[in-house]
Amino acid sequence: MTATTGSAVIGATEEASIDAISVAASIAVAAGWGSGAVSFAGVISSNTITTSVDASIEGLSDLRSAMGVSVTADDMADISAVNVAASVALASVGVAVGLMLARNSIFDFVSAYIAASTVTASNGDIEVVASDLPAIEAKSVVIAIATGGAGAGGSSEVTIGGTTTAYLDGSTLSAAGHQVKVKSSSEADADPLTVAASAGGLSIAVMLASVEINGATEAYATGDSTVTAAGLDVTAKATNLSTPEVDVASVGALAVAGANSTSKISRSTSAYVDPGATLNTGAGSVTIHAETKSDANGSTIGIGAGPGITVTVL
């Protein structure tokens, strides 16, 4: 295969998104001395994006380009979710319960590679690039109000995983006077907000939130690959951001408020050249670089208030 003018460009791009709104509301009212009312509102929400994006040159015995060669795989995945549950019971004896269970997940598998091929760029770089941009913004609110007992609670789980990989495998690459670049990058952003509020004679509000970012970002050359160029750059970069916020308020003669937030970031980042690879860059540089930036910045607020006994657990 020969590109006599211009560059040889192989690319795959995907954009996936979910916008979801879930609302449940219940109101129970009873009049009269000794009357009773019971109200329940619940939301169970689950959103998942799973994608696979691949761009490759594989099994070509002789690919030549008059300029450069580019193999790119790009993915963008986004979830925006809003969940609301509200329960109200008004009577001489009223009981209101609000429940929220929310789960949002993104699993992206992105790869760009050259395998079992011979590739020549006559006047340009050879680039193999994979990138992934997953983001989740989730807002969950549960409210319970009653003249007797009120309980509001739930959990929110956010998970971002998958792999982002750029690599050379068992191939011969030539870019005289130019660079061979193998680069992989990922930017994961998890931003959940969870709120629970209750008010009643006996009032209980509890909310749990968890974030997990896992998977791998990799760039490498392996499988007895041969690279002849003015320079080789093998770079993997990952940025992971977790910012969960939990706000809980409980008001009553006996008020209990509980909140918990956890973040776990275990995504690995690696860049390497296999010992079996052959490199010929002349006076040019060989760069092998892996970089990870991770930030878990959570906020948890719990408030219990009332004329009697209040308990707050964080």
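**Entry 1: a tyrosine inside**

I began with Tyr167, which counts as buried at 16% relative accessibility. The cut-off for buried is under 20%. I note here that the model is predicted.

Next I looked up Tyr220. At 14% relative accessibility, Tyr220 is buried as well.

**Entry 2: ring pairs**

I turned to the aromatic rings. A pair of rings is described by the distance of the centres and the angle of the planes. I found three aromatic pairs in the count. Tyr167 and Tyr220 make a stacked pair, with 5.1 Å centre to centre and 10° between the planes. I then checked where the two residues sit. Tyr167 belongs to strand 9 (residues 149-169) and Tyr220 to strand 12 (residues 216-222), so this pair ties together parts that are 53 residues apart in sequence.

I followed Tyr220 onward to Tyr272. Their ring centres are 5.0 Å apart and their planes lie at 5°, so this pair is stacked. It links distant parts of the chain, since Tyr220 is in strand 12 and Tyr272 is in strand 16 (residues 268-273), 52 residues apart.

Is Tyr272 buried, partly exposed or exposed? I read 34% relative accessibility for Tyr272, so it counts as partly exposed.

Which residues form the aromatic cluster? I wrote down Tyr113, Tyr167, Tyr220 and Tyr272, which form one cluster.

**Entry 3: positive phi**

I looked up backbone angles next. Ala116 has a phi near 50°, a positive value in a residue other than glycine. I located Ala116 in the loop between strand 6 (93-115) and strand 7 (118-121).

Asp224 is not a glycine, yet its phi is positive, at about 60°. I placed Asp224 in the loop between strand 12 and strand 13 (226-242). Asp224 has 55% relative accessibility, so it counts as exposed.

**Entry 4: a nonpolar patch**

I moved to the surface. A nonpolar patch there is formed by Val38, Phe40, Ile44, Val93, Val95, Val97, Leu99 and Leu101. Together these residues have about 720 Å² of accessible area.

Which elements give two or more residues to the patch? I found strand 3 (36-58) and strand 6. Strand 6 gives the most, with five residues.

I picked out Val93, one of the patch residues. Val93 lies in strand 6. Its relative accessibility is 52%, so Val93 counts as exposed. The cut-off for exposed is over 50%.

Key
Residues numbered from 1 in each chain as written. Predicted model: local features only at pLDDT ≥ 70, side-chain atom pairs only at ≥ 80, totals over all residues. Heavy atoms only, no water. Phe/Tyr/Trp six-rings, centres within 6.5 Å; stacked < 30°, edge-to-face > 60°. Helix = DSSP H or I, 4+ residues; strand = E, 2+ residues; numbered from the N terminus. Buried < 20%, exposed > 50% of the residue type's maximum accessible area, 1.4 Å probe, protein only. Patch = residues over 30% accessible without salt bridge, like charges linked within 9 Å, V, L, I, M, F, W, Y side chains within 5 Å. Areas by Shrake-Rupley, 256 points an atom, 1.4 Å probe, with all protein chains shown as cover. Salt bridge = Lys/Arg side-chain N within 4 Å of Asp/Glu carboxyl O.
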